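Hi,

Here is the structure I promised to pass on. Have a look at it first, and then read on for my notes.

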Amino acid sequence: MKKFTLLILVMLLGITGVNAQVTVELWAGTQVIGNWDANVDLSYGNKGKLSEIFMNDKIRITYKDAGDDATVRVANPNGWGEYEASSQATATSGDDQTFDYTITSAVILEQIQQNGILGRGKNITITKIELLKVNDRYDAVPVTIGEDGIATFSSSKKLDFSATNITPYYASAVETGQVTLTPVDNKTTWDYQGYILKGSADTYDIPVIADAFWPSTNFLKATNDYSAEVAASTSETFHYIFAKKNETKEIGFYKLTSSHTLGAHKAYLETSGGNDARVALRFSDITDIQNVAVKEKKFENNAYYNLSGQRIAKPTKGIYIKNGKKFVIE
C-alpha cells in the first residue's frame, strides 16, 4: 500500500509540480541556416500563440546538424539581435538538440507579446519552435520610475502594485493651477486609465490581475501600450504633459500649445477648466508640511524656510523647512 501511495504521489508531482509544463507547438518544419542568412519568422502578424506567453515560460528551439562556430538564438524582430545574453547559446552537434530561453523580464515579455520572435542561428537547421507554459507563470507589465521618484503611467491591463513601494494616484480634481492626486485603493490600477506613480527609482515587473479599483473620475488620460499623439490645447479642452522645467527643476503638468507624441505607458492631463501654463501637483494623502517640503527642494541647501515658503536668516524656535525636509528647532 505504501509503495502504491508513493507512486501516486510521484505521478501527481510530475503533473502538478512547479516544473510541470504544457507544450504548445509554434512552428515545425526544416529551416536551414548558414551564416545568419535565414530565420523562422514568428514575428508581428506571424507570432500566433506567442501572444499567450507569460513570465517564467520558456521558448524552446529544436535544431540539428550544427556546424563549426554554430549558434542558436531567440531573436528580437526589432534589429534581429538577441534579447539578452541568455537568449543565445553555442549550438551543439547532433539530431534534435534543444535550446531553452526562459522569460524573466517583463520588459522582454511585453516585447514578445506585442512583436513575437525570430528563430535564428548560424550553421544549424531549425526543426521546431515551442512555447513551454510552466506552473508558476504569470502575466506582468514593466514599470520604470526615474531618479525623481515620480512618473506617469498607463496600461491596457489591470495591475497590482501592493508588493512594491510604489503608490499609484489618479487625478480626482483640477482647480486653478493645481491637480489633486488621490491614492488608489489597494494599490491596484484599472486598465486604460492614466496614473501618477511615486516610488523608488527602478524598473519593476508588476503582475497583472483580474480585478482592480476603478476611479469614476480621473483627469489623467492614457496612452496605454503604444505611443500616441496628444493634440494641442484648444479654447475648450486643455492638454498638459508631465515634465520637469529645465530652469527651475519644477515638476508639474505643462500646457501643450502644439501636438506632442507621448510614449507608451504614459499619461497626460486633460481638463476643460482653467488656462494655466503649469498645473502643480497636490497629493491628497500628504500633509501641508510635506507638500511645502516637496515644493522647496529647489531652494538653496542649508537655508531655512518657514511654512509659508519665506526664507529665514536667523531661525528661532519653531518648525522650518531645510533641504526640502521638515526641521524642528526647540
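Lys-198 sits in strand E14, which covers residues 195-198. Before going further, please keep in mind that this is a predicted model. Along the chain, Lys-198 and Thr-167 are 31 residues apart, yet 5.3 Å separates their C-alpha atoms. Thr-167 also turns up among the contacts of Lys-198 once neighbours within four places in sequence are set aside; the others are Ile-145, Gly-149, Ile-150, Asn-165, Ile-166, Tyr-169, Phe-283 and Ile-286.

Now the sheet that E14 belongs to. It is an open sheet of 9 strands with mixed pairing, and the order is E9-E14-E11-E12-E22-E19-E18-E21-E16. E9 and E16 (220-222) are the edge strands, each pairing on one side only. Ignoring direction, neighbouring strands of this sheet are turned by 40 degrees against each other on average. As a reminder, strands of a sheet pair through backbone hydrogen bonds, either parallel or antiparallel.

Both senses of pairing show up around E12:

- With E11 (residues 167-175), E12 (residues 178-183) pairs in the antiparallel sense over 6 bridges. Ala-173 has Thr-180 of E12 as its bridge partner.
- The hairpin of E11 and E12 has 2 residues between the strands, and Gly-177 takes a positive phi there, near 70 degrees.
- With E22 (residues 278-283), E12 pairs in the parallel sense over 4 bridges. Here Gln-178 has Ala-280 of E22 as its bridge partner.

Further along in the strand order, E18 (residues 238-244) and E19 (residues 251-255) run antiparallel and are joined by 5 bridges.

Strands E8 (140-145) and E9 (150-153) are the elements that give two or more residues to its lining. Which residues lie nearest the centre of this pocket? They are Val-143, Thr-144, Phe-153, His-265 and Lys-266, out of 16 lining residues. By type, the lining divides into 9 nonpolar, 4 polar and 3 charged residues.

E8 comes up again with helix H2 (residues 106-115). H2 is mostly covered, with 7 of its 10 residues buried. Those buried residues are Ala-106, Ile-108, Leu-109, Glu-110, Ile-112, Gln-113 and Asn-115. They pack against E8 and also against E2 (40-43), E3 (58-64), E6 (97-102), E7 (116-134) and E15 (202-207).

Most residues other than glycine have a negative phi, and most peptide bonds are trans. Asp-65 is not a glycine, but has a positive phi of about 55 degrees. You will find Asp-65 in the loop between E3 and E4 (71-75). At 48% relative accessibility, Asp-65 counts as partly exposed, because the exposed class starts over 50%. Asp-96 also has a positive phi, near 55 degrees, and lies in the loop between E5 (88-90) and E6. With a relative accessibility of 55%, Asp-96 counts as exposed.

Cheers

Terms used:
Residues are numbered from 1 along each chain as its sequence is written. This is a predicted model: local features need pLDDT of at least 70, side-chain atom pairs count only at pLDDT 80 or more; totals for chains, interfaces and linings use all residues. Side-chain values use heavy atoms; hydrogens and water are left out. Two strands pair if DSSP finds at least two bridges between them. On a 1 Å grid over the protein atoms alone, a cavity is a set of points where a 1.4 Å probe fits but cannot get out, and a pocket is an open set with protein on both sides within 12 Å along at least five of seven lines; lining residues have an atom within 4 Å of a point. Ala, Val, Leu, Ile, Met, Phe, Trp, Tyr, Cys and Pro count as nonpolar, Asp, Glu, Lys and Arg as charged, and the others, Gly among them, as polar. Axes are lines fitted to C-alpha atoms, for helices over the stretch in contact, and angles run from 0 to 180 degrees between N-to-C directions. Contact means heavy atoms within 4.5 Å. Buried means under 20% relative accessible area, exposed over 50%, partly exposed in between (1.4 Å probe, protein chains only).
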